Amino acid sequence: MGFLNWELRGRSAANGVAALLASVAAIALSAPSAHAQQATQPAGKQTDQSQQADQEKAAPAGATLLDKILVISRTGETAIESLASASHVDQEQLARRMATTPNEMLLGVPGVATQADARRVSTSINIRGLQDFGRVAVIVDGARQDFQRSDHGTQSTFYIDPELVKSVDVIRGPVANTYGSGAIGGVIFFDTKDAADFLKPEETWGASVTGRYESNGKGWTTSATGAYRFNENWDTLGNIVYRTYDNYKDGGGDTVNGTGFDVLSGLLKTSIRPTENSELKLGWVGSSDGWDETSGGVPVNDVDLKSNTFTARYNITDEDKSWLDLHINTSYNKTNLDLTSLVPQNRFDPITGLPTVLPAGSQSTFDVGTTGIDIWNTSRFETGGIAHELTYGGDWVGDDVKTGGTAGGDSFYTPSGKRNVSGAYVQDKLTWDWLEVIAGLRYDNYSLKDSTRETSGDRLSPRITVGVSPFESAGLAGLQFYGTYAEGYRSPSLTETLISGNHPAGVTFPFLPNPNLRPETGKTTEFGINYRQNDIFESGDALRVKAAYFHNNVDDYIDGVTLSPFAPGSGCPFGPGIPICFQYQNFAQAKIDGFELEGVYDAGWGYAGLSASITNGHTISYKGVEADLATIPSSQVTAQLGLRFLEDKLTVGGEVQYNGKPKGNAVAEDYTLVNAFATYQATDNLKVDFRADNLFDVKYANPLNGSTTVAVYEPGITLKLAATMRFGG
């Protein structure tokens, strides 16, 4: 049945794709099979190039992603070296995925899920069942993305076009406490493209143009990139992307209204190296997006979003990169979202709760500005035969939220106010022969206020990790065991603390502020295994595996609850509408545990990857009552296979992902997705990419959207075809 739907609904796009695939297949079959040569890897950060070269010597086949240095790492380690659950997605993998939205970039990363519902340009990231209100720190080139809007479903979203991204690093759990306050779930770091990665060594300038068509939603993407090298110490890059998409069809062939959008995104970045041991990166990432929000299948709001992120990152080291490895990052992110009502809307007055009408043309505005400063240094030295990497630093993030517009508009329920979060930390990584120990301590402080209320708090959060590599025999020398205990601290957000007024539509009831909310404290225990081995079946092959079990107790977990005006001491007034109130309150705990696996085998001529994650969780009230945690994502198993031909010019492969229904989710079901891809570097200046997502046209919904009580079905089969022309000199 899936193949029949594909034939009937994708015929126009499939004709051209079939011709392309037939040509590629003919070339592949007529050519002799070639043993893979080592794949080219993009250069790392300028200040880490020597370390990157050392890592590549130790990692045979070029696609072992776990051997790539993590941009997010403060001690210059790779994912396979880190005593933590860390993952890396590089430029080659991003290109294969032909991502339209941020959630597609993270396919198969264990422990990571995304929530985007119909508004595909905005994304919320879930790590190990935790999301929203800063539980996951989303960082673009060092800038925190803290935009938040009160709504059904996800609360916190960010905006980044996949075409601008060079790599993605993920660290799961509060072990990432050197990367800022609040990240009790983990950290996602998006690193945008650099001129040094785009230009070939002999080039002064380079340019490329990409055109792409998608069958589902008749989507078009155009991307243009240009880079210039002024001299060996100064280069710059610019990228502009335009996307236009109609509403897509789900796996049942039904059009999902409100899923079309237009996006204009851009990137400017310049890198200056004043001395041999220093580098300054100045960057801007921006987007101008538009889409319609629907209710009952009818467009009700026109949405206009503008996001701008400015960053300055400076690094200086001494000659041996020993005592001085100083990083200074500053950033400012401003997101403006404007809603304009397209039709008159029946609402309830936010103050009185009485019926009112929001006329067509009414506006609501959400302006969120986030300023950040992050400074740290790593000193490397030895004492008594023990190597130390001592990292110490501090950071500050300030959120300034301003909302307004027509009374009764959506912005009324996202409170204006200011929040300041700061911290300082020290961490020592000690290495001796087969033993590695990481000990760290972080201090956090926060304050938040509006025109009438203010609250604050602080805490010390420790981390201790022990790793052992006990074996020396050839087959087991790459096996490492580690155990971690780490704590993280998240302050309440402005919305959780200050939201007030009456529910705007459908039915009315009061939102109650809660200035007495206590911060959340995540306490995670984790046990993991790292394994790396080269030359297993043949010379030059490589196997990399990471696996971990974790258990996270989040004390004083914050979630929304309904209160009854008839319950003694509830503080819920009896007024117009249904007799309930909504308030964010603390729970005694949220308990979350799970297992994660990530592995890849690469023999040059092909590769195979497997990732898996199982997450379970529930909340516990102060009275001991347990309840399912609505943000638990699907359990996932993702298998990937790729084959390289024609001296690595042609790569073909696919992905299969099984998703298991989370416990207690009202709309979720088990489902399996199958994707296929082909990439052909026809000449030095021409590359052709093809991808088929949801090949069997499965009708499925994202379980994280179950909290909206209505399933929003994801796209059915989607064929993508792209061509990229590149020039340089």
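**Notebook: strands, cores and rings**

I am working on a predicted model, where local features need pLDDT of at least 70 and side-chain atom pairs count only at pLDDT 80 or more, while totals for chains, interfaces and linings use all residues. Residues are numbered from 1 along each chain as its sequence is written, and side-chain values use heavy atoms, with hydrogens and water left out.

I stayed with Gln345 and looked up its strand. Strand 15 (residues 345–348) runs antiparallel to strand 16 (residues 355–358), with four bridges between them. Helices (H or I, at least four residues) and strands (E, at least two) are DSSP runs, numbered from the N terminus. I count two strands as paired if DSSP finds at least two bridges between them. Six residues lie between the strands of this hairpin, and Gly353 takes a positive phi near 80°.

**Entry: the whole chain**

Next I took the totals. I find seven helices and 36 strands in the chain. The chain has 729 residues, and 56% of them are buried. Buried means under 20% relative accessible area, exposed means over 50%, and partly exposed is in between (1.4 Å probe, protein chains only). The accessible surface comes to about 28700 Å², and carbon and sulfur atoms hold 59% of it. These areas come from the Shrake-Rupley method with a 1.4 Å probe; for residues, only the protein chains shown count as cover.

I also checked contacts, meaning heavy atoms within 4.5 Å. Of those between residues at least 6 apart in sequence, 65% join residues at least 24 apart.

**Entry: the disulfide**

How many disulfides does a search of the whole structure find? It finds one. A disulfide here is a pair of cysteine sulfur atoms within 2.5 Å. Cys572 is joined to Cys581, with 2.0 Å from S to S. The S-S torsion is about 80°, so the disulfide of Cys572 and Cys581 is right-handed. Are Cys572 and Cys581 buried or exposed? Both are buried.

I followed Cys581 into its strand. Cys581, in strand 28, faces Leu563. Strand 27 and strand 28 (residues 581–586) are antiparallel and share six bridges. I then traced an open sheet of four strands, in the order 23-24-28-27, with mixed pairing. Strand 23 (501–502) and strand 27 (558–563) are its edges; each has a single partner strand, so one side of each lacks a neighbour in the sheet.

**Entry: strands 33 to 35**

Further along, I looked up strand 34 (residues 671–683). Strand 33 (residues 650–660) pairs with strand 34 in the antiparallel sense over 10 bridges. Across that pairing, Thr651 stands opposite Thr679. On strand 35 (residues 686–693), strand 34 has an antiparallel partner with seven bridges. Here Phe677 has Arg691 as its bridge partner. Two residues separate strand 34 from strand 35 in their hairpin.

**Entry: the nonpolar cores**

A nonpolar core is a set of buried Ala, Val, Leu, Ile, Met, Phe, Trp, Tyr and Cys residues joined through side-chain atoms within 4.5 Å. Which residues of the largest core touch the most other members? Among its 28 residues, they are Val112, Ile125, Ile160, Val168, Val170, Ile188 and Phe190. At least two residues of this core come from each of strand 3 (124–127), strand 4 (136–140), strand 6 (165–172), strand 7 (186–192), helix 6 (195–198) and strand 10 (234–245). Another core, of 20 residues, lies apart from it and includes Val121, Phe147, Val421 and Leu448.

I went back to Ile160. Setting aside neighbours within four places in sequence, Ile160 contacts Pro102, Met105, Val140, Val165 and Val285.

**Entry: rings**

Rings of Phe, Tyr and Trp (its six-membered ring) pair if their centres lie within 6.5 Å; planes under 30 degrees apart count as stacked, over 60 as edge-to-face and the rest as tilted. I find 15 aromatic pairs in the structure. Tyr213 and Trp220 make a tilted pair, 4.8 Å centre to centre and 55° between the planes. Trp432 and Trp434 have ring centres 5.9 Å apart and planes at 65°, so this pair is edge-to-face. Trp432 is partly exposed at 40% relative accessibility. Trp434 is also partly exposed, at 38%. Last, I noted a cluster of Phe133, Phe509, Phe511, Phe582 and Tyr584, linked by ring pairs.
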